[in-house]
Amino acid sequence: MPTFRADCHIHSCLSPCGDLESSPAAIVERAVDMGLDLIALTDHNSALNCPTFAEVADRAGIAALYGIEATTREEVHVLCLFETVDAALELGETLYAALPDIPVVPERFGDQVYVDAHDMILGEVEKHLIYAADYSLDEIGDMALAAGGLFIPAHIDRAANSIYSQLGFLPEGDYSAVEVTKWPSRLDTQGHAVISDSDAHFLDGVGMRSFTFEAERPDFRGLKAALEKRSVRSSLV
Ligand SMILES: [Zn+2]
Ligand SMILES: [Zn+2]
């Protein structure tokens, strides 16, 4: 079976700490240059750049997933990845409504903008997207899985906003995989598939960490089946 390379944790100019140059079109161009086969856009608590991401990825002929890096009530970052833009947008709307009414300060955190395929600004998001949505880890997991998505605790080995930093352990759960940033991981991954992604907030970061998986095609179904079979390999290994 063929092997494909994926980076399923990439931020765009919509994320509060994301570089304004990281438009969906620029991310796709960079991903193609890096030889990636599958990429996912995962902005903090919003999927508003996913429609454009879908358009430019389709044009470039690279497979894409549509996602969100949700912040749970416990301040844990989790990746929710979907096959369709609509599913990502729907979860994004739910999460955004559950964010506190704290506006972003663009001078400090940059603008949170969503753009079209030519990098023209379509709109900006007012609430600061970095804060926690008022849903628990379990509730967000249930929402992501019920919508047919993948649910992946992000950067579990980081000192902040990870499941280990916030809870001290990995609670039993229906995780599609867990994401690490270093290898070997001394943390208990409880037999879940282990992936690594760039978590890029700048264009140069796209593909700097990645993972490979075996599948017939580099798409959502192919990745889901590979995660279930544990036929994935971190680029850090
Ligand atoms: Zn994160
Ligand atoms: Zn991230």
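This is a predicted model: local features need pLDDT of at least 70, side-chain atom pairs count only at pLDDT 80 or more; totals for chains, interfaces and linings use all residues.
Local features need pLDDT of at least 70 and side-chain atom pairs pLDDT 80 or more, while totals for chains, interfaces and linings use all residues. Residues are numbered from 1 along each chain as its sequence is written, chains are lettered from A and ligands numbered from 1 in the order written, and side-chain values use heavy atoms, without hydrogens and water.

**Exercise 1. Find which residues of helix α7 are buried, and where they sit around the axis.**

Step 1. Helices are DSSP runs (H or I, at least four residues), as are strands (E, at least two), numbered from the N terminus.

Step 2. Sort by relative accessible area: buried is under 20%, exposed over 50%, partly exposed in between (1.4 Å probe, protein chains only).

Step 3. Check the directions. These residues cover an arc of only 165° around the axis, so they lie on the same side of α7. The arc uses the directions from the helix axis to the C-beta atoms. An α-helix has 3.6 residues a turn, so residues three or four places apart point the same way.

Step 4. Turn to the other face. Exposed Arg221, Glu228 and Lys229 sit on the face turned away from the buried side. Just after α7, Arg230 has a positive phi of about 60°.

**Exercise 2. State what the salt bridge between Glu83 and Arg221 ties together.**

Step 1. Apply the rule: a side-chain nitrogen of Lys or Arg within 4 Å of a carboxyl oxygen of Asp or Glu. Glu83 and Arg221 meet at 3.0 Å, N to O.

Step 2. Glu83 is in the loop between β4 and α3 (85-97) and Arg221 in helix α7, so the pair ties together parts 138 residues apart in sequence.

Step 3. Compare cover. Glu83 is partly exposed at 37%. Arg221 counts as exposed at 58%.
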